Amino acid sequence: MEILKEISELLQKGKADNLKNLVQKAIDEGMDAKTIMEEGMMTGMNIIGVKFKNNEVYVPEVLIAARAMNAGIEILKPLLESGGVQAKGKVVIGTVQGDLHDIGKNLVKIMMEGKGLEVIDLGIDVSPEQYVNAAKENNAQIIACSALLTTTMLQMENVVKVICDAGIRDKVTIMIGGAPLTENYCKSIGADIYSPDAASAAEEAIAVCGN
Ligand code: B1M
């Protein structure tokens, strides 16, 4: 559809204000939030990703596209969250040490909150110890780690190790996700659940918390 193409193009150009207006227009016209997110904004971000890889755009352009994406997500947030049942459960979430990518992590957080889970967001560049301390302090059932780089995803093995060393392995479920991750990698490092996207991560989290 034309409006989704325009959303994708505005995102690529990093026009945050125009993007917000167009996302609102799409909502007002009755388009559902998931379609706007996946077929508009994420399509645009994927194109930026390919151009970034091919050196057709550089970090500043990617950053302004990411800023526009976050602005669009803010408009969609109430819709992505709505319809959730109140569930019991606490999740500690963060992007692993050395990794500054947070858009996917933020989406996972929104979807989990939409299911009624309490999410403690540690942000980006989170050390294994920070995950463990936050899980202990908050009595969380789940530690959720996001990574976007093939180099930083290796940090997840350290997270599992530090959780074991802290003696809380039987108290927390370790969830992992992010573009370079796989089910096989999840198994190989002794984590519990790999989710390919934010919606399935929220479903899995709800199941873990027994709701
Ligand atoms: Co970066 N970057 N980046 N970047 N960046 C990638 C990831 C890259 C694939 C681009 C490319 O080359 N095509 C590439 C990684 C290559 C690799 O590792 N093999 C890359 C690189 C190389 C880099 C730098 C090293 C570049 C440089 O400086 N030379 C640098 C590293 C900085 C660092 O982290 N230390 C860097 C920097 C940046 C910016 C800061 C400019 C910016 C991030 C801004 C921000 O996040 N606030 C950025 C961006 C935006 C990207 C791309 C273009 C888009 C990522 C994104 O937000 N996608 C990306 C290319 C791409 O992915 N196409 C790229 C949208 C988001 C919704 O998807 O995060 O995958 P995603 O989340 C998905 C799923 O993965 C899943 O749910 C979401 C969908 O529902 N998911 C989970 C995510 N976390 C989950 C956790 C779960 C479950 C599911 O459970 C816990």
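Which element gives the largest share of the shell around the ligand? I looked it up: α3 does, with 6 residues. Helices here are DSSP runs of H or I with at least four residues, strands are E runs of at least two, and both are numbered from the N terminus.

Before going on, I note that this is a predicted model, where local features need pLDDT of at least 70, side-chain atom pairs count only at pLDDT 80 or more, and totals for chains, interfaces and linings use all residues. Residues are numbered from 1 along each chain as its sequence is written, and side-chain values use heavy atoms, with hydrogens and water left out.

Entry two, the shell. I find 35 residues surrounding the ligand, with H101, D102 and S146 among the closest; a residue counts if one of its heavy atoms lies within 4 Å. Domain 1 (2–82) and domain 2 (90–208) both give residues to this shell, so the ligand lies between them. The domain bounds come from an automatic or database domain assignment.

A side-chain N or O atom of H101 is 2.8 Å from a nitrogen atom of the ligand. I read 2.8 Å for a polar side-chain atom of D102 to a ligand nitrogen, and 2.8 Å again for S146.

I find T182 in the loop between β4 (173–177) and α8 (183–189). Its C-alpha is 6.8 Å from that of Y194, 12 residues away in sequence.

Conventions:
Polar contact = N/O pair within 3.5 Å; in protein donor to acceptor, adjacent residues only side chain to side chain.
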